[in-house]
Structure formats: structure tokens, C-alpha cells
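Let's take a walk through a structure together, one stop at a time. Have the viewer ready so that you can find each place as we come to it.

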Amino acid sequence: MMNGMGAGARTRITGKVIFMGYFDGVYAIWVREIIVFMREKERVISAVVTPLMWIFAVGGGLGASVQIQGMSYQMFMFPGIASMAILFGSIFYGMYIIWDRKLDFLKEVLVAPVPRSAVFLGKMLGGMSDALMQVTVLLLIGVAFGFVAGLPALLLAIAFSVIIAACMVSLGLIIGANMKSPEGFNLVMSFVMWPMFMLSGALFPVENLPSYIDIIVKINPLTYGVDLMRLALLGTSKFGMLYDIGVLVFVTIVFAYIGSKSFDRMQI
Amino acid sequence: MNEKLAISIEKLAKHFGDLKAVDGITLSVQEGEVFALLGPNGAGKTTTISMLTGLLKPTRGSANVAGFDVEREPLKVRQQIGVVFQQPSVDDLLSGRENLDMHALLYNVPAKGRRERIDDMISLVGLTDRQHAKVKEYSGGMRKRLEIARGILHHPKVLFLDEPTTGLDPQTRQHIWEYIKKMSRLEGTTVVFTTHYLEEAEQFAERVAIIDRGKIIATGKPHELVNELGGDTVLLKAKKSKEVAAKIRKMPFAASVSEKNDVVSAVIASSHKNLPIMLRALSGIETIEIRPATLNEVFIKYTGKGIREDSAEGGFWERMMNPNNR
Ligand SMILES: Nc1ncnc2c1ncn2[C@@H]1O[C@H](COP(=O)(O)OP(=O)(O)OP(=O)(O)O)[C@@H](O)[C@H]1O
Ligand SMILES: [Mg+2]
């Protein structure tokens, strides 16, 4: 039991070790997040149920009398709801940090010998994985109901989801890292999640909008995510693929930078 | 700065609003030393550890751990330390073993020998049988043990243990302490632990700092602090204990006098000679007990009260602690 002791047993910190340690750290946190997500069945289930409610209750009900761009309303809204699933999943994920903080699981990570940026990156990859699993389930359901036409559309939608998730998870982590208690949860719902969803073109085309809505829609990064999803699933895009991806990547970089700094400042 | 110092703290303070949780403490710990921070609930022990490990920003003052400033080079500090938190921070949804696997990755434990090291740590804390169960299903003591295994897994240079053995049975306690002492001796690990068990500080710490209301009130080797009292502890049971205590306080050979539940405790110098004198001056004494003085009397000497008197369980951290919350 006492083996492994002696002065030589301690790792010497060298440049290489620190470099490797960075990615080991990212990897460790990433894996932890995936395991935790998979073990919390409630989280997986609720993540898929809400979007389905939108598609079948709102989409089915409204769709009975509304058509958009020459297609059924459900068909039109499906890419928007898939984007919503990513948004909600990501923001909830980011806010989970508050629970980790409250229940003390965060401390272990905060005293770990890796830069906080590695912690951020690990969390970001973890959140992206969670969001991807959720949206993939939703897309597969979409295949079954004919909202997703074929394998290429499915794969493209998943690929675009990676980009959207990177952006939204970074935002979620910024919120989570800066919130001290779960009490702010409702505020985030009211002032971030719902407006971002409502004003993203998920539920209506972003054409001929009143100017005050138009401005918000244009600065909302999710708008470009919805546009990408529509491109993948319906073959139409308002802004064009490169523009959408460019905006999302740029915003992700900004968010990731802010998030990483927020993690740096994080105390218990 | 002295290179032999593992930790040096200079006028360190942490205020929460008006509350001075840590009120300007100055301290140093030698490399390889086993050092105790002894104090009642709410004394500021955890807050101090949090600042030393970079989890809280000091309001004032500075601290240096393993040669690095905790505020300027927090990452370098983190690369040298291991922390066992008062409230276990192990992950509920992972098994005990998975927690250690994760930690090993996060802390750069070399892949070679990693598995054996984890096996050793699990068996050290007696969790071999339950290593694959989810931490959710662990008892409070088991969590604490896992937390300890995790804190020492990666051979830290400086090990912080915040009330490491609270809630553990005496046997496990002894066993874990033996290992930590041995580790400190063989690897030169500096160990800083907090406790409100006097015996634990007396028995395991080479040096101890007594902390109360955010201030260090005495520092030294336990036996030296006790010897400075210059006498034995005398416990007297009496109906009118308040009066008895008042009388004893006036006696020149008595020190550290305190009174609680009809029992008066005092440190009496040269008790073989002074005890008879004292008893002649008192009346209504029911029982009498003489024992060697302890750190509790040291604490009374500086604060006027016993270490456990106003330390009802349920400080800030205990209140936060509810393992069945998730
Ligand atoms: N985050 C916080 N916000 C406000 N007050 C705090 C906070 N953390 C600690 N305190 C207060 O600071 C004081 C010192 O607390 P600390 O946890 O350091 O004590 P301790 O010596 O570790 O006590 P215990 O033996 O109960 O663990 C207490 O009065 C506590 O209520
Ligand atoms: Mg404490």
C-alpha cells in the first residue's frame, strides 16, 4: 500500500507536461460532462420533449390554417425548433454550473492544475456534445415524420448544429460563470432564452419585419443558426451559408474569449 | 523570501461585507512541516484555505504557496497543491473509481503506474469494495474518505486538508493520519490541516496556529504552547461554580480559568504544592480531577473561553452541506 512513494514519484513539471496536461485537462472535463449528461435521464428526456411539443402542438395547430413559403407550417418551423433545442440545451447546460457551484463539485475543477481556459474548453466541448445528442435525437424523429429529407440533409444539419452549439454553449457558460445563485434562472429565461428563440426567425420568416424587430433579429446570433438549419433541411437560406457560418464563428470566438475570462475570475 | 518556506502569509484578510472572516493573519509554514490551523466553528479556517488555494480573492494582504504568489500566479500554485475540502467535492454521478480516474487525468498523474496508484489510494481509505458504486450511494464518511484519496493521489507538494477526519471513525482516522505523516516524511510533503479537534492537532501537528474570529492568537509546537501554561489542568465540580471560578481567578498560581455546567477548569502551577492551598480556600467542592494541560487551556488563556463552547455544529459550511441535494 505504501509503494509509489519517494521523492522520484512526483511528476516534474516540464513544458511538455504542461502542454499535454492542458489537453488531458480538457479531455477529462469533457468526458465527465458526457458521463454526467448520459446518467441524468431526466435531462435527456426533457431536452427532447419540449421541442416535440412545439412541433406537434403549436406546429400542428397553427399549421392547420397557416402555410409559409408554400410549405406546411410544421415543415417550415422544424429547422427553427431544432435550433431552439440547441439554444435551450446549451443555456441550461451553462447554468448547471450554478448547481455544481452550490453543491461544491466545481471546487475540484477550480483548484486543478490546468489553466481555466482548459476548464472552459472542456466544459464547452461537453456542452456541445450534450446539445448535439439532443438535436440528433430530434432530427431522427424529424426523419421519421418526413421533416428531414434523407441522409445528406440529416448529416448537413448535424454538421451545422456543431457550429450553432459552439456559439450557444459559450453563451450559456458565460451566464453560468457569472451567476452566483439559481434565483436568476427565471430572468435568464425571460430575457435571454425566450427572446432569442422568438426573435430568431424560428417561428416566422425574417422578411418584411417591422424595423424594431428586424434589428433584434439581425443581432441575434441564433438567427444565423436557424438560417443554416433551414439551408440544410429545406434548401433555402436568406443570408447564405458563408455569411451565416462567418457570423457564428466570429460570435463564438468573442463569447469563448469572454467565457474563458469569466472562468478565470471565478471564485467559490 | 526564505526558500525553505512552503507557505508564507502576510497580513492576509478576507471580509464578507462587515464580517472580517479572516482579519489580517501572518504565518509561515516550513517545507515538509505538518501544520495545524486550530479553531472553533466560524474562526476563518476554511476561508484561509480558500485564499491559499486560489478559490477566494483576499481582501487585503498576500500569501505565497510553494514559492508562488496566490494572486499573481494562481496556476503555478495550483500545480503544487492538493486540496481536501471540508465539504466533499467529489462528483455524485460518477463512481468512486471514476472520480479518481478523472482526477488523475486532470492532475497529470503519469499514465505509467496510474492504475496502481489509484488502487493504492482506494485501499488506503478502505473503499475497495465500493469503488464502482456511484458516489450518490456513499455515506458522508465514505465521501470524505474518497475526497482524501483524491487529494493525495497526485503527490502534491503542499497538501491542504480542511477538517479531513471530521465524521470518520477513530480507526480510519488513525490509519489515514499515519499515511499522511509517512508521506510527509518520505516525500517532503508540506501538510496544512484545519481541525477543531484539539487532540488531533496535539497528536499530529508539528506546529499549530490557534485561530479565533479571524485572528491568530498563538502559534507554536503543541507541547510548547501547553508547557507555557506552566501547570496542570484541574477540574472542580461545584454547585456554586460561578463563585468558585471567581475565587480561583484571584489566585496567583491559577490561569486559564473557565466555568461551564457546574465545572470549573483552571491551570494550576506547581499543583502538588498549590492544590492543597487552593482547596483550603474553597468550599462546596464535590469532585476534583487533575490531568495534564491541553491546547484547550491554551485557547482559554487567550480567549477566555473553551474552544468548543460557542462552536455549535452548523457553521456556514455545514449549512451548505447537504449531500442528498442533487
Ligand atoms: N461566502 C461567504 N459569504 C459570507 N460569509 C461567509 C462566507 N464564507 C464564510 N463566511 C463567514 O466567515 C466566517 C468564517 O468562516 P469559515 O468557513 O472560514 O470558518 P471555519 O473556521 O472554517 O469554520 P468551521 O469550523 O465551521 O468550518 C464565518 O462567520 C462564516 O459565516
Ligand atoms: Mg471550515
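**Charged pairs, a metal and a buried residue**

Across all chains, a search of the whole structure turns up 23 salt bridges. Keep in mind as you look around that this is a predicted model.

Let's begin with a pair that crosses between chains. The side chains of B:E98 and A:R39 form a salt bridge, with 2.9 Å from N to O. B:E98 sits in helix 3 (residues 96-106) of chain B, while A:R39 belongs to helix 1 (residues 15-39) of chain A.

Now turn to a pair within chain A. Here A:D104 and A:K107 meet through their side chains in a salt bridge, at 2.8 Å from N to O.

Chain B has a salt bridge of its own to visit, between B:R173 and B:E200, whose side chains meet at 3.5 Å from N to O. B:R173 is in helix 6 (residues 170-187) of chain B and B:E200 is in helix 7 (residues 198-204) of chain B, so this pair ties together parts that lie 27 residues apart in sequence. Both B:R173 and B:E200 are buried. Elsewhere, salt bridges with shared partners link A:R32, A:E33, A:D100, A:K123 and B:D91 into one network.

Next comes the metal. Which residues coordinate the magnesium ion (ligand 2)? They are B:T46, through OG1, and B:Q86, through OE1, at 1.8 to 2.1 Å. B:T46 lies in helix 1 (residues 45-52) of chain B, and B:Q86 lies in the loop between strand 6 (81-84) and helix 3 of chain B, so the two tie together parts 40 residues apart in sequence. B:T46 is buried, with a relative accessible area of 12%, and B:Q86 counts as buried at 12% relative accessibility.

Our last stop is B:A6, in strand 1 (residues 5-16) of chain B. B:A6 counts as buried because its relative accessibility is 3%. Among the residues B:A6 touches are B:V29, B:N64, B:G67, B:V158 and B:T190. Look at B:V158 in particular: B:A6 and B:V158 are 152 residues apart along the chain, yet their C-alpha atoms are separated by 7.3 Å.

Notes:
Residues numbered from 1 in each chain as written. Chains lettered and ligands numbered in written order. Predicted model: local features only at pLDDT ≥ 70, side-chain atom pairs only at ≥ 80, totals over all residues. Heavy atoms only, no water. Helix = DSSP H or I, 4+ residues; strand = E, 2+ residues; numbered from the N terminus. Buried < 20%, exposed > 50% of the residue type's maximum accessible area, 1.4 Å probe, protein only. Contact = heavy atoms within 4.5 Å. Salt bridge = Lys/Arg side-chain N within 4 Å of Asp/Glu carboxyl O. Donors = N, O, S within 2.8 Å, 3.2 Å for Na, K, Ca; no water. Lists of a residue's contacts leave out its neighbours within four places in sequence.
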